Amino acid sequence: MGDIAREKRTENPEYPEQGTSRRRFLDYLLGTSAIATLGAIVYPIFRFMSPPQVIESTENSVVAAKLSEVPVNSGKIFKFGNKPGILVRTSAGELKALSAVCTHLECIVQYRPDTKQIWCACHNGQYNLSGKNIGGPPPRPLEEFKVNIRGDDVVVTRS
């Protein structure tokens, strides 16, 4: 009985390659779905493994704080582009601005009024008020910024 059905299919003059075109269509569907599935698996992995494009801010100057917001012998973290900065008012009333990113493992530093130093809590990194590394594992000093006062605003500028 199977031979008769096969003969009728091949004898039909209207559809001579009916079985072959169905098979090609199914092969095409299976192939494209396999490629699409593979792409759906590989693409997120690739995007996760490649680092994002971070555009560096072109800001060279920023208002870090109001003068009244930074009391004597204290520090304040401010945003400078896409990285934080730290504004310190010394015991003598002088204002210093430095990068707030530790040069060891890029933790955020803070001002310690008891020791009058900038301190990284992650691995006990210590910097003096000029940004020089004086203790702990940090390999380089902090980047220092220029400080200007305009009225009540404290303006920090890249050197």
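**Surface patch, salt bridges and pocket in the predicted model**

Met49 has a relative accessibility of 62% and therefore counts as exposed. The model is a predicted one. Met49 belongs to helix 2, which covers residues 18–49. Together with Leu38, Ile41, Val42, Ile45 and Phe48, Met49 makes a nonpolar surface patch of about 680 Å².

The protein contains two helices and 10 strands. Along the sequence the pattern reads α-α-β-β-β-β-β-β-β-β-β-β. Of the 159 residues, 25% are buried.

Four salt bridges are present. One of them pairs Asp153 with Lys66, with 2.7 Å between the closest N and O atoms. This pair links distant parts of the chain: Asp153 is in strand 10 (residues 153–158) and Lys66 in strand 1 (residues 61–66), 87 residues apart. Asp153 is partly exposed at 22% relative accessible area. Lys66 is partly exposed at 37%.

Arg158 and Glu143 also meet in a salt bridge, at 3.9 Å from N to O. Arg158 lies in strand 10 and Glu143 in the loop between strand 8 (133–135) and strand 9 (144–150), so the pair ties together parts 15 residues apart in sequence. Both partners are partly exposed, Arg158 at 25% and Glu143 at 43%.

A further salt bridge joins Arg112 and Asp114, whose closest N and O atoms are 3.0 Å apart. Arg112 is partly exposed at 26%, whereas Asp114 counts as exposed at 57%.

The largest pocket has a volume of about 230 Å³. Its lining comprises 15 residues, and the closest to the pocket centre are Lys83, Ser99, Val101, Thr103 and Glu143. By class, the lining has seven nonpolar, two polar and six charged residues.

Note on methods
Residues are numbered from 1 along each chain as its sequence is written. This is a predicted model: local features need pLDDT of at least 70, side-chain atom pairs count only at pLDDT 80 or more; totals for chains, interfaces and linings use all residues. Side-chain values use heavy atoms; hydrogens and water are left out. Patches are made of residues with over 30% relative accessible area and no salt bridge: like charges are joined within 9 Å, nonpolar side chains (Val, Leu, Ile, Met, Phe, Trp, Tyr) within 5 Å. Accessible areas come from the Shrake-Rupley method with a 1.4 Å probe; for residues, only the protein chains shown count as cover. A salt bridge is a side-chain nitrogen of Lys or Arg within 4 Å of a carboxyl oxygen of Asp or Glu. Helices (H or I, at least four residues) and strands (E, at least two) are DSSP runs, numbered from the N terminus. Buried means under 20% relative accessible area, exposed over 50%, partly exposed in between (1.4 Å probe, protein chains only). On a 1 Å grid over the protein atoms alone, a cavity is a set of points where a 1.4 Å probe fits but cannot get out, and a pocket is an open set with protein on both sides within 12 Å along at least five of seven lines; lining residues have an atom within 4 Å of a point. Grid points are joined across faces, edges and corners, and a volume is the space filled by probe spheres set on the points. Ala, Val, Leu, Ile, Met, Phe, Trp, Tyr, Cys and Pro count as nonpolar, Asp, Glu, Lys and Arg as charged, and the others, Gly among them, as polar.
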